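We will go stop by stop.

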Amino acid sequence: MSALSPAPVLNHPRRRLVGRDPSEAHRAATPLELLFDLVFVVAFGEAADGLAHHLAEGHVRVGVLGFGIAMLAVSWAWGSYSWFSSAYDEDDWLSRIATAVQMLGVAIVALGLPDVFASLDHHEPLAYQLLVVGYVVMRVPMALQWLRASQHDPGRRTTLRSYAATIAVAQAGWTALVVFAPPGRVAVPVAVLLAGLEVSGPLVAERRKGGTPWHAGHIAERYGLLTIISLGEGVFGTVAALSALVHGPSGWTVDAALVGVAGLGLTFAVWWMYFTVPSGSVLERHRARVLHWSYGHHLLLASIVAIGAGLHVAALALEGHTRLGATGVVLTVAVPLGVVMVVLHVQWTALARPGHALGRTFDVGLTCGGALVLAAAVGLAALGAPIAVCLVVVAVAPAVAIARSEEHTSELQSRFGISYA
């Protein structure tokens with residue numbers, strides 16, 4: 001290179017994290033964020049596989065507890081990354097490296113999930129070491145990113161350092177659990193306290209420290225994309241159930257067709273329910289309503305992934321590889337679906353209809369109608385109806401919620417100026 005040649009210019013030089021404009025037009029998820037999301041396909045899959053396997057074996061407590069631990073760790077780390085990106089994403093080389101390290105952490109967490117399930121199943125001390133190592137690898141870069149932003153954005157320095165301090169203290173605690181390996185009677189309450197510290201961090205930073213310049217449309221899109229990823233478990237479960245039937249001795253049968261209709265119909269119905277209310281448009285006008293909405297997503301995402309696990313249990317049952325009876329198999333799909341319907345309706349009410357009294361949060365027609373359909377499916381299973389038929393009945397339940405929510409379309413249009421065209 002000639003001495004007079006200009007120095008090469010990096011496409012992604014280090015930038016100042018001064019905060020994005022929360023009213024920025026056409027803000028959308030970046031390719032880096034979409035790449036980050038891909039790792040969570042694996043993590044959700046591992047969590048769903050562990051839940052399905054233990055439910056099929058009749059080990060309900062083990063499956064639910066292990067699944068709950070896995071989903072909270074995974075979804076919480078995803079949320080922290082997405083909230084930071086919504087407020088301070090500059091996509092420079094430091095941010096890219098931090099994202100790559102966090103992706104590695106997600107992969108480590110996924111590798112540690114089988115150990116968690118196995119230790120619970122064998123009544124051994126919880127094998128959380130690899131899970132915690134992966135979680136700390138995810139979270140330390142996040143704390144450093146918040147600290148980095150605090151140096152460049154003095155007006156929000158208190159808020160950003162609050163985020164960083166909460167994450168750093170929690171990771172020190174998680175690391176101490178791995179290093180000192182205290183007995184369960186000590187480790188469990190310490191873990192509960194550390195989880196509480198993690199969960200309280202955004203509440204303190206956003207409500208008491210001034211908040212961050214997150215973008216309503218962007219954060220709504222990010223949660224929507226993760227919801228679609230979680231719905232993928234329903235597709236996987238449906239394909240597994242179909243494979244169990246069509247590759248069996250009977251091949252394509254009416255039961256196979258019913259399972260396909262039920263599984264994909266259920267997945268599509270949950271997608272329809274979720275995207276009925278355009279959350280981003282509402283949050284643009286009412287930013288203060290975001291915390292309950294975002295926190296509710298952790299239970300919502302876990303329940304959606306659990307539906308996919310339930311469909312996988314149905315596949316195992318159709319192959320004759322489960323200790324659950326037909327009623328238990330149907331419950332593995334009906335219970336998480338019921339939770340999804342309740343959580344979504346609570347979010348709809350609190351997000352788009354805050355003026356209604358608390359007593360109307362649970363619409364009688366919605367909750368009772370959906371519950372009756374789910375109860376009918378379980379009842380049919382108890383009476384000996386084929387699992388495929390019962391799953392079709394389960395898939396009908398979301399139609400009640402969809403019909404009810406569609407009634408409020410005109411109300412939302414007039415209140416928030418939203419167009420569905």
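## Stop 1: an exposed residue

Begin by selecting His26, which is exposed at 82% relative accessible area. His26 sits in the segment before α1. Its phi is positive, about 60 degrees, although His26 is not a glycine. Most residues other than glycine have a negative phi.

Now jump to His123. This residue lies in the loop between α3 (93-121) and α4 (129-152). His123 is not a glycine either, and its phi is positive, near 55 degrees. Is His123 buried or exposed? His123 is exposed, with a relative accessible area of 68%.

## Stop 2: the whole chain

Zoom out. Remember that this is a predicted model. The protein has 14 helices and zero strands. Of its 421 residues, 52% are buried. Take the contacts between residues at least 6 apart in sequence: 81% of them join residues at least 24 apart.

Colour by pLDDT next. The mean for the protein is 85, and 87% of residues reach 70 or more. Where is confidence highest, and where is it lowest? Helix α5 (residues 157-180) has the highest mean, at 94. Helix α14 (residues 409-416) has the lowest, at 59.

Then select residues 354-362. Over this stretch pLDDT stays under 50. The model has 11 contacts beyond four places in sequence for these residues.

## Stop 3: two helices side by side

Select helix α1 (residues 31-56) and helix α2 (residues 60-88). Their axes come within 8 Å. They cross at roughly 170 degrees. Angles over 145 degrees count as roughly antiparallel, and α1 and α2 are therefore roughly antiparallel to each other.

Show the side chains where they meet. On α1, the contact includes Phe36, Phe40, Phe44 and Leu51. On α2, Phe67, Met71, Val74 and Trp78 are among the residues taking part. Which classes of residue make up this contact? It has 18 nonpolar, three polar and two charged residues.

## Stop 4

Leave aside its neighbours within four places in sequence. Phe67 then touches Ala47, Ala48, Leu51, Phe117, Ala302, Val305 and Ala306. Three of those names, Ala47, Ala48 and Leu51, also belong to the α1 side of the contact with α2.

Phe67 is also part of the largest nonpolar core, which has 112 residues. Which members touch the most other members? They are Phe67, Trp146, Met273, Trp293 and Leu337. Select these five together to see where they lie. In soluble globular proteins, nonpolar side chains tend to be buried together.

## Stop 5

Move to Val270, found in helix α8. Val270 counts as buried, at 2% relative accessibility. Which residues does Val270 contact, apart from its neighbours within four places in sequence? They are Leu231, Ile304, Ile307, Leu337 and Val340. Ala395 is 125 residues from Val270 along the chain, yet their C-alpha atoms are separated by 9.5 Å.

Next, pick Val277. This residue is in the loop between α8 (254-274) and α9 (279-285). Val277 is buried as well, with a relative accessible area of 8%. Draw a distance line from Val277 to Leu344. The C-alpha atoms are 9.7 Å apart, for two residues 67 apart in sequence.

## Stop 6: a buried glycine

Select Gly224 in helix α7 (residues 216-246). Gly224 is buried, with a relative accessible area of 3%. Not counting residues up to four places away in sequence, what does Gly224 touch? Gly224 touches Tyr274 and Phe275. Tyr274 is 50 residues away along the chain, and the C-alpha atoms of the pair are separated by 8.2 Å.

## Last stop: a proline in a loop

Finish at Pro386. Look for it in the loop between α12 (364-382) and α13 (387-406). Pro386 counts as partly exposed, at 41% relative accessibility. Pro386 and Leu318 are 68 residues apart along the chain, and their C-alpha atoms are separated by 9.9 Å.

Methods: Residues numbered from 1 in each chain as written. Predicted model: local features only at pLDDT ≥ 70, side-chain atom pairs only at ≥ 80, totals over all residues. Heavy atoms only, no water. Axes fitted to C-alpha atoms, helices over the stretch in contact; angles between N-to-C directions. Parallel < 35°, antiparallel > 145°, perpendicular 65-115°, else oblique. Contact = heavy atoms within 4.5 Å. Nonpolar A, V, L, I, M, F, W, Y, C, P; charged D, E, K, R; others polar. Core = buried A, V, L, I, M, F, W, Y, C linked by side-chain atoms within 4.5 Å. Buried < 20%, exposed > 50% of the residue type's maximum accessible area, 1.4 Å probe, protein only. pLDDT = per-residue confidence, 0-100.
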